Amino acid sequence: MFIGYVSDEQHVAIADVQLEFARGDESIEVRSRASGAVHADVPPGRWRVTLAKPGFTRKFVDLDISPDAPPHRFRLLSDRLLGYAWPKWAQPGERVELRLHAQEPFRVSLWHYGWTKRLVEDLGLFDSFGPGGDRQVVPDGDFTIDG
């Protein structure tokens with residue numbers, strides 16, 4: 001049965017992702033195809049799906065599987081420094097929050113780019129609270145449509 005497909009944060013298909021479908025004592029393991037497609041002989045019902053691939057943050061999804069269900073869009077986040085400022089824009093003096101995903105310690109500094117480049121603030125070194133503590137999990141599907 002076609003379950004769905006796996007992609008990264010940019011919606012690019014990821015091949016050879018290990019997926020484990022678990023429910024009670026049952027466990028079925030499959031891998032995504034070159035197109036990112038996930039095909040598995042899984043009986044209908046509620047399953048916990050764990051996804052793992054080197055270079056991406058592991059995650060699990062609780063999924064209701066049925067023959068007439070639309071394909072599920074699994075998404076994994078790359079293990080590289082990613083981030084953005086929230087809100088997307090601000091007026092001088094307003095607060096901005098940095099939202100970051102990292103797999104290793106990193107240093108943050110803010111710069112002003114104009115006629116000349118100048119350092120505004122050195123925010124320092126950031127280290128996780130434990131192994132993988134600064135890693136994030138990206139929601140499945142296209143969350144940019146409805147938030």
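## The nonpolar core

A nonpolar core is a set of buried Ala, Val, Leu, Ile, Met, Phe, Trp, Tyr and Cys residues joined through side-chain atoms within 4.5 Å. Buried means under 20% relative accessible area, exposed over 50%, and partly exposed in between (1.4 Å probe, protein chains only). In this predicted model, the largest nonpolar core has 19 residues. I3, V6, L19, F21, L51 and F74 touch the most other members. At least two core residues each come from strand 1 (2–7), strand 2 (18–23), strand 5 (45–52) and strand 6 (59–65). Strands (E, at least two residues) are DSSP runs, numbered from the N terminus.

L19 has contacts (heavy atoms within 4.5 Å). Its partners include V6, I28, V38, V49, L51 and F74, not counting residues up to four places away in sequence. E29, R31 and S32 are also among them.

## A buried arginine

R75 sits in strand 7 (residues 72–75). R75 is buried, because its relative accessible area is 3%. A polar atom of the R75 side chain lies 2.6 Å from the backbone oxygen of E9.

## A surface patch

L98, L110, V120, L123 and F126 form a nonpolar patch on the surface. Such a patch joins nonpolar side chains (Val, Leu, Ile, Met, Phe, Trp, Tyr) within 5 Å, from residues with over 30% relative accessible area and no salt bridge. A salt bridge is a side-chain nitrogen of Lys or Arg within 4 Å of a carboxyl oxygen of Asp or Glu. Together the five have about 380 Å² of accessible area, by the Shrake-Rupley method with a 1.4 Å probe and only the protein chains shown as cover.

Strand 11 (residues 117–126) gives the largest share, three residues. L123 is in strand 11. L123 is partly exposed, because its relative accessible area is 37%.

## Basis

Residues are numbered from 1 along each chain as its sequence is written, and side-chain values use heavy atoms, without hydrogens and water. Local features need pLDDT of at least 70, side-chain atom pairs count only at pLDDT 80 or more, and totals for chains, interfaces and linings use all residues.

Key. Patches are made of residues with over 30% relative accessible area and no salt bridge: like charges are joined within 9 Å, nonpolar side chains (Val, Leu, Ile, Met, Phe, Trp, Tyr) within 5 Å. Helices (H or I, at least four residues) and strands (E, at least two) are DSSP runs, numbered from the N terminus. A polar contact is a pair of N or O atoms within 3.5 Å; within protein, one must be able to donate a hydrogen and the other to accept it, and residues adjacent in sequence count only if both atoms are side-chain atoms.
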